Amino acid sequence: MISQKTLENSIYDTIRRGSCSISPDVEGAFEDAIKIETSEISKKGFDATLDSLKKCRARDSLACPDTGWPLFFIKMGNDAQIEGGLPAMEETARQMVIKATQDGYLRKTMKHPLTGEDPGGNVGMNMPNFSYKFIPGDSFQITYVAKGGGSECFGGSRLRIVAFADGLVGIKKAVVDWYIAAARAGAICPPSVLGVGIGGTGDVCMHLAKKAATLRLIGSRHPEPMIADLENELYEGINSLGIGAMGSGGNKSVFAVNVEYSLTHIAGIAVGISANCWIARRATTRINSDGSIEKLDDPNWFNGR
């Protein structure tokens with residue numbers, strides 16, 4: 001049985017790593033951008049930001065002052081046993097968010113949406129947020145994602161219903177138009193990791209987009225050729241826009257375009273985007289039934305991508 005003490009230590013460390021470090025695939029995307037970028041201003045931006053991120057990891061300091069919404073994505077083994085069950089785990093996670101806030105690993109960012117009241121620890125109604133995936137086995141895996149305000153608000157999240165008559169053309173136009181508008185407004189931090197959801201209800205579509213942006217590795221491809229081709233076409237198209245690092249101009253405008261889809265209703269096709277910051281932050285920990293702990297670079301939420 002996985003004890004609450006093991007959960008406390010693991011969840012706290014996962015939040016800390018998620019706030020102070022970037023994953024190898026994100027670091028690799030910076031290194032690749034530095035190699036190919038032709039704009040000197042953008043190249044300096046990639047260089048300076050990567051250097052700063054490496055220092056943050058070495059000094060255990062925040063990778064970005066906006067530590068964002070605290071989001072947990074949990075893969076729960078069907079045979080996993082947790083002391084106190086999932087309600088106790090969620091309460092432990094809330095307490096670890098408060099502790100991480102008190103220790104300076106999270107900024108006091110979460111407010112009441114109408115009164116502006118600050119609970120002081122980033123914990124309150126529906127926050128932190130938990131998403132679950134149930135899998136075979138007896139392990140428990142938790143991924144912490146710091147979803148920044150810039151990438152979520154004012155351009156980084158969009159939803160539209162596209163008619164079947166508009167099909168792929170309508171979907172591609174919506175995605176590219178949204179990305180241009182968000183970058184032009186300075187509302188996101190390009191080159192983003194762009195998640196695209198297609199189909200399902202509105203909430204299913206946006207949740208797919210959010211998970212595609214935050215949980216898939218940069219460089220991964222959808223296994224279905226039609227979806228992989230769409231990912232590649234959007235990736236090449238957005239990179240041809242010349243947005244560059246933080247809008248400085250250049251040939252790297254998006255780090256990845258990750259598309260996930262759901263069956264939809266004959267009435268129409270929900271299309272949504274969720275942009276993640278160029279310093280896409282996440283950390284994953286797996287706790288095995290014997291209490292052993294593995295720190296993972298890949299949440300593997302989408303079965304190999």
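Predicted model: local features only at pLDDT ≥ 70, side-chain atom pairs only at ≥ 80, totals over all residues.

Residues are numbered from 1 along each chain as its sequence is written, and side-chain values use heavy atoms, with hydrogens and water left out.

**Helix pairs**

- Axes are lines fitted to C-alpha atoms, for helices over the stretch in contact, and angles run from 0 to 180 degrees between N-to-C directions.
- Helix H2 (residues 24-36) and helix H3 (residues 40-59) cross at roughly 150 degrees, and their axes come within 9 Å. That makes H2 roughly antiparallel to H3 (angles under 35 degrees count as roughly parallel, over 145 as roughly antiparallel, 65 to 115 as roughly perpendicular and the rest as oblique).
- The H2 and H3 crossing is left-handed (the near helix is turned anticlockwise from the far one by less than a right angle; clockwise would be right-handed).
- Which residues of H2 and H3 meet? From H2 come Glu27, Phe30, Glu31, Ala33, Ile34 and Lys35, and from H3 come Lys43, Phe46, Asp47, Thr49, Leu50, Leu53, Lys54 and Arg57 (contact means heavy atoms within 4.5 Å).
- By class, this contact of H2 with H3 has six nonpolar, one polar and seven charged residues (Ala, Val, Leu, Ile, Met, Phe, Trp, Tyr, Cys and Pro count as nonpolar, Asp, Glu, Lys and Arg as charged, and the others, Gly among them, as polar).
- Helix H1 (residues 4-20) packs with H4 at an angle of about 45 degrees, their axes being 9 Å apart. H1 and H4 are therefore oblique to each other, and their crossing is right-handed.
- On the H1 side, the contact includes Leu7, Ile11 and Ile15, while H4 brings residues including Ala88, Met89 and Met96. The residues in the contact of H1 with H4 divide into 10 nonpolar, two polar and two charged.
- For helix H6 (residues 167-184) and helix H8 (residues 225-239), the axes come within 11 Å and cross at roughly 35 degrees, and the crossing is right-handed.
- Leu168, Lys172, Val175, Val176 and Tyr179 of H6 meet Met226, Leu230, Glu233, Leu234 and Ile238 of H8. That gives eight nonpolar, no polar and two charged residues in the contact of H6 with H8.

- Phe255 sits in strand E6 (residues 254-261).
- Is Phe255 buried or exposed? With a relative accessible area of 5%, Phe255 is buried (buried means under 20% relative accessible area, exposed over 50%, partly exposed in between, using a 1.4 Å probe and protein chains only).

- Most residues other than glycine have a negative phi, and most peptide bonds are trans. Here are some exceptions.
- The peptide bond from Met127 to Pro128 is cis, with omega near 5 degrees. Pro128 lies in the loop between helix H4 (85-102) and strand E2 (129-135).
- Pro190 and Pro191 are also joined by a cis peptide bond, with omega about 5 degrees. You'll find Pro191 in the loop between H6 and strand E5 (192-198).
- Asp60 isn't a glycine, yet its phi is positive, near 60 degrees. Asp60 is in the loop between H3 and strand E1 (69-77) and is partly exposed, with a relative accessible area of 28%.
- Phe154 has a positive phi too, about 55 degrees, without being a glycine. Phe154 lies in the loop between helix H5 (149-152) and strand E4 (157-162), and at 71% relative accessibility Phe154 counts as exposed.

**Cysteines**

- A disulfide is a covalent bond between the sulfur atoms of two cysteines. The rule used here asks for a pair of cysteine sulfur atoms within 2.5 Å.
- How many disulfides does this rule give? The count comes to zero.
- Cys189 is in no disulfide, and the nearest cysteine sulfur, in Cys277, is 5.1 Å away. At 23% relative accessibility, Cys189 counts as partly exposed.
- For Cys205, the closest cysteine sulfur is that of Cys153, 18 Å away and too far for a bond. Cys205 counts as buried, at 0% relative accessibility.

Conventions:
Helix = DSSP H or I, 4+ residues; strand = E, 2+ residues; numbered from the N terminus.
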